[in-house]
Structure formats: C-alpha cells, structure tokens
Amino acid sequence: MTRLDRVEQTRDPLAGPPLTPRTAVIWSVLRAELERRGGDRLTMLDVGGGTGGFAVPLARAGHQVTVVDASPDALAALTRRAAEAGVADRVRAVQGDGDALAGLVEPGSVDLVLCHAVLEVVDDPAPVVAALVAALRPGGAASVLVAGRAAAVLARATNGHLDTAATLAADPAGTAGPKDTLRRRYDADSAADLLRAAGAVVEEIHGVRVLADLLPAAVADSQPAALLDLEQALAGRSPYRDLAAALHVFARRPA
Ligand SMILES: C[S@@+](CC[C@H](N)C(=O)[O-])C[C@H]1O[C@@H](n2cnc3c(N)ncnc32)[C@H](O)[C@@H]1O
C-alpha cells in the first residue's frame with residue numbers, strides 16, 4: 001500500500017465536491033453505491049461529463065474515470081482540473097459523440113456509468129442508453145439525470161408564458177417548440193422506461209432541484225443548509241419528486 005493509498009483511506013472518499021441542490025441528491029446516491037462496493041477501485045465512464053464536476057471527485061476517491069464529451073473546450077477544462085487535483089493519471093478525456101458511444105467504449109468494461117444532462121440534447125436517446133448499459137459489466141450501475149417536463153411547464157406558466165407552457169405540456173417530447181434549447185424532457189415513468197428498454201433494472205428515482213428553482217434567490221442564498229436538507233427530504237417522495245427540475249434514475253445491469 002502506498003502512502004497515497006493510506007491517506008485516501010483515512011478521508012471521506014468524496015470529501016471536497018461542494019454540495020449544491022443540483023448535486024447533493026446525486027452524490028448521496030453515488031456514495032451509497034460506492035459504499036456498497038466496499039471501497040473497490042472502480043472503472044467509470046461519464047458520458048457528456050463536461051468539465052469533470054463528477055469525474056474529478058470520483059478520480060480523487062481512487063476510481064478510474066473516462067469522460068466522453070463532444071466539446072474539446074470542456075475536455076480541455078477537464079484535463080486542467082484533473083491535473084490541478086493531482087489525478088491526471090486517473091482521468092481519461094475522450095472527444096466523441098454520445099450518439100456513437102457504442103464505438104468508443106468496450107462493452108462490459110465499466111462498473112459505473114454516469115450520463116447527466118445529456119439525453120435531452122442527443123439526436124436519439126435510445127441507442128445512447130443502450131450503449132451505456134452495454135458498457136456496464138453485469139452488476140454495474142448507471143446514474144442518469146434528465147430534464148423534468150413538469151417543472152418546465154410550471155416554470156413557463158409562473159413566469160407568465162402560458163402559451164409556451166401549454167405547448168410544452170402538449171408536446172409528446174416535452175419541448176416548447178423550435179427555439180427550445182432541449183430536444184426532449186421526461187417524467188419519472190418515461191425516464192425509467194428508457195433504462196428498462198435497454199435491459200437495466202431501475203432501483204431508484206429521485207427529483208433533483210425540487211425547490212431550488214422555485215425559491216427567491218435571497219431565500220436560497222441565506223439558508224443553503226436548510227434548502228439542501230429539504231431537497232434531500234423531498235427528493236424521493238411523490239408528488240415532490242415528480243415536480244423537480246431534473247430526474248435522477250439509478251439503474252443496474254442485471255448480474
Ligand atoms: C449540460 S452539460 C452537462 C455536463 C455534466 N454531465 C454535468 O452534469 O455537469 C452537457 C454536456 O454534454 C456534452 N454533450 C452534448 N451533446 C453531446 C453529445 N451528442 N455527445 C457527447 N457529449 C455531448 C456537452 O459538451 C456538455 O459538456
């Protein structure tokens with residue numbers, strides 16, 4: 001065992017990443033999975049991992065993380081961030097399209113795959129999710145975050161854009177028309193169905209940002225700990241979960 005190994009074993013493996021309403025619930029799900037794996041050093045894949053907000057802390061915890069992202073700028077920032085954190089050897093940046101994931105990652109080679117805030121922008125989510133699940137070893141897990149449709153409808157309506165809210169509510173894909181920055185949005189059932197259609201077993205669904213986007217900034221800024229506690233308390237409970245800005249699905253490839 002190296003000195004570094006001993007140091008890492010004595011600290012919380014995920015200490016460091018700032019917890020926000022956007023990340024706290026996801027980290028608590030990932031932390032439980034890492035604990036379940038009993039401290040094994042895992043092979044991970046973050047599809048559309050961007051600048052490494054999840055990849056770098058996971059690498060700091062000792063895991064080997066490949067980030068596939070379409071953006072060279074994001075990958076350059078990821079590489080810098082990994083170097084600054086001293087984990088450049090555990091983070092691999094691969095420029096590529098999530099739509100072509102099947103050709104970039106060896107099937108059955110990954111313990112944990114992350115795909116956060118990506119399926120709403122790719123050409124076709126079904127083959128991406130199929131490739132995510134195919135990349136997993138039997139027993140491996142997928143952490144998938146997608147945009148929530150109900151929150152988007154409520155946000156447009158409460159901002160006074162009732163026509164846009166109506167369009168978004170009626171559109172089968174959950175978009176507000178050609179100017180929408182997202183190509184689709186989900187509810188808990190349709191998000192879970194994506195994973196199930198690829199052969200994964202859905203274990204947990206949480207709402208992410210149930211309240212954060214609804215509160216005045218002054219409230220969120222002045223009571224950050226109370227907001228995080230409330231987000232965590234509501235994340236797994238309907239109807240709160242179903243109104244969240246994003247839905248987190250945690251699923252597993254059967255062993
Ligand atoms: C909203 S960001 C999310 C970043 C990160 N997953 C997170 O949750 O913080 C979306 C990321 O997906 C990447 N992306 C968008 N379309 C993609 C595609 N077709 N294939 C791979 N990456 C893509 C973007 O470059 C960007 O880094």
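Is Arg209 buried, partly exposed or exposed? In this predicted model, Arg209 is partly exposed, with a relative accessible area of 24% (buried means under 20%, exposed over 50% and partly exposed in between, with a 1.4 Å probe and protein chains only). Arg209 has a positive phi, near 70°, although it is not a glycine, and is found in the loop between strand S6 (201-208) and helix H9 (217-222). Helices (H or I, at least four residues) and strands (E, at least two) are DSSP runs numbered from the N terminus. Residues are numbered from 1 along each chain as its sequence is written. Because the model is predicted, local features need pLDDT of at least 70 and side-chain atom pairs count only at pLDDT 80 or more, while totals for chains, interfaces and linings use all residues; side-chain values use heavy atoms, without hydrogens and water.

A positive phi, near 60°, also occurs at Ala117, in the loop between strand S4 (110-116) and helix H5 (125-135). Ala117 is partly exposed, at 38% relative accessible area. Ser238 and Pro239 are joined by a cis peptide bond with omega of about 5°.

The ligand is surrounded by 16 residues (one heavy atom within 4 Å), including Arg22 and Gly98 among the closest. Polar contacts are pairs of N or O atoms within 3.5 Å. A polar side-chain atom of Asp69 lies 2.6 Å from a ligand oxygen atom, and a polar backbone atom of Gly48 is 2.7 Å from a ligand nitrogen atom.

Note on methods: A polar contact is a pair of N or O atoms within 3.5 Å; within protein, one must be able to donate a hydrogen and the other to accept it, and residues adjacent in sequence count only if both atoms are side-chain atoms.
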